[in-house]
Amino acid sequence: MQGLYDDAYPLYEEALTIKENAYMNRIASATEEASKQNIHEHNTSIATSYHNLAILCHKTGKLTEAKVNYQKAINIRESFLGITHPDTEVAKNNLEMLKNN
């Protein structure tokens, strides 16, 4: 199973890089309200990528990296979804579970 996790890691990072680059391109062209909504949705997608990468790191024992990625996901989700949104709460819960291990 560890081999599959190792194979997944660069793919998760690549997906995150693609999303971040696309986000930066959308910011540059965001002039209409529809574009701004698209940026909001894109940011939450980036948060999901950070969260998924954090879970992978957590499962493979890369605890410091997991902590950093959980926090990035939380920061984005709090900014765009709010502090009580279920997705924000899930990331906070996962970070707390990591800290308590």
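Analyst: Buried means under 20% relative accessible area. By that cut-off, 31% of the 101 residues of the protein count as buried. The model is a predicted one.

User: Why is Leu95 called buried?

Analyst: Leu95 has 5% relative accessibility. The cut-off for buried is under 20%, so Leu95 counts as buried. Leu95 is located in helix α4.

User: How do you know which residues Leu95 touches?

Analyst: A contact needs heavy atoms within 4.5 Å. Leaving aside residues up to four places away in sequence, Leu95 touches Lys67, Tyr70, Gln71 and Ile74. For Lys67, 28 residues apart from Leu95 along the chain, the C-alpha atoms are separated by 6.4 Å.

User: What makes a set of residues the largest nonpolar core here, and which have the most contacts inside it?

Analyst: Members of such a core must be buried, of a nonpolar-core type such as Leu, Ile or Tyr, and joined through side-chain atoms within 4.5 Å. The largest nonpolar core has 19 residues, and Ile46, Tyr50, Leu53 and Tyr70 have the most contacts inside it. At least two residues of this core come from each of α1 (2-29), α2 (33-59), α3 (63-80) and α4 (86-100). The largest share, seven residues, is supplied by α2.

User: What does Ile46 touch?

Analyst: Not counting residues up to four places away in sequence, Ile46 touches Leu16, Lys19, Glu20, Tyr23 and Ile76.

User: How many helices and strands does the protein have?

Analyst: There are four helices and zero strands. From the N terminus on, the order is α-α-α-α.

Notes
Residues are numbered from 1 along each chain as its sequence is written. This is a predicted model: local features need pLDDT of at least 70, side-chain atom pairs count only at pLDDT 80 or more; totals for chains, interfaces and linings use all residues. Side-chain values use heavy atoms; hydrogens and water are left out. Buried means under 20% relative accessible area, exposed over 50%, partly exposed in between (1.4 Å probe, protein chains only).
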